[in-house]
Amino acid sequence: MNTIFDAACWEVVWRYRGTFINGLLNTLMTAAAGLVLALLVGVVLGLFSTGESRVLRVLARVYVEFFQNTPVILQVCFLYYALAYSGVRVSVVVVGIISLGLYTGAYMA
């Protein structure tokens, strides 16, 4: 019986280690860039929320409510297809960074 500790079980993982490493690096890059974007969005919207302008406070509140109450997978799909139909050619990783940055920025605000 094969267990998780058998070398044969890990042979497939070792064979495709380049693919796994590439996926890990893409994930780390997406997370880091998305976090920077989220920090920028969060700080700007946080300043809008604490400002004296009613228009900016309402704008920040609408943004936060919209992004927090919409599933992130729906936002990713919408952004990907909206950009594709508008003729903007962007990679999937960039769409992920933008989507996750805007989504997480709403929680930071």
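Because the model is predicted, local features need pLDDT of at least 70, side-chain atom pairs count only at pLDDT 80 or more, and totals for chains, interfaces and linings use all residues, while side-chain values use heavy atoms, with hydrogens and water left out.

**Colour by confidence.** pLDDT is the predictor's confidence in each residue, from 0 to 100. Its mean over the chain is 91, and 99% of the residues reach 70 or more. Helices here are DSSP runs (H or I, at least four residues), numbered from the N terminus.

**Select α2 and α5.** Helix α2 covers residues 17-50 and helix α5 residues 92-108; they pack at an angle of about 40°, with their axes 7 Å apart. Axes are lines fitted to C-alpha atoms, for helices over the stretch in contact, and angles run from 0 to 180 degrees between N-to-C directions. The pair is therefore oblique, since angles under 35 degrees count as roughly parallel, over 145 as roughly antiparallel, 65 to 115 as roughly perpendicular and the rest as oblique. Show side chains in the contact (heavy atoms within 4.5 Å). On the α2 side they include Met29, Ala33, Leu37 and Val41, and on the α5 side Val93, Ile97, Leu100 and Met108. The contact of α2 with α5 has 13 nonpolar, 7 polar and no charged residues. In this count Ala, Val, Leu, Ile, Met, Phe, Trp, Tyr, Cys and Pro are nonpolar, Asp, Glu, Lys and Arg are charged, and the others, Gly among them, are polar.

Helix α3 (residues 54-68) crosses α2 at roughly 135°, and the two axes come within 7 Å. This crossing is left-handed. Val41, Leu45, Phe48 and Ser49 of α2 touch Leu56, Arg57, Leu59, Ala60 and Tyr63 of α3. By class, the contact of α2 with α3 holds 7 nonpolar residues, 1 polar and 1 charged.

**Move to α4.** The 14 residues of helix α4 (residues 72-85) should span 20 Å at 1.5 Å a residue, and the end C-alpha atoms are 20 Å apart, which agrees. The expected span is 1.5 Å times one less than the number of residues. Just after α4, Gly87 has a positive phi of about 95°.

**Bring α5 back beside α4.** Their axes are 9 Å apart and the packing angle is about 130°, which makes α4 oblique to α5. α4 passes α5 in a right-handed crossing. Among the residues in this contact are Val72, Gln75 and Leu79 of α4, with Val95, Ser99 and Tyr103 of α5. The contact of α4 with α5 comprises 10 nonpolar, 2 polar and no charged residues.

**Finish on Tyr103.** Which residues does Tyr103 contact, leaving aside its neighbours within four places in sequence? They are Phe67, Thr70, Val72 and Gln75. Tyr103 and Val72 are 31 residues apart along the chain, with their C-alpha atoms separated by 6.8 Å.

Notes:
Residues numbered from 1 in each chain as written. Helix = DSSP H or I, 4+ residues; strand = E, 2+ residues; numbered from the N terminus. Left-handed = near helix turned anticlockwise from the far one by under 90°.
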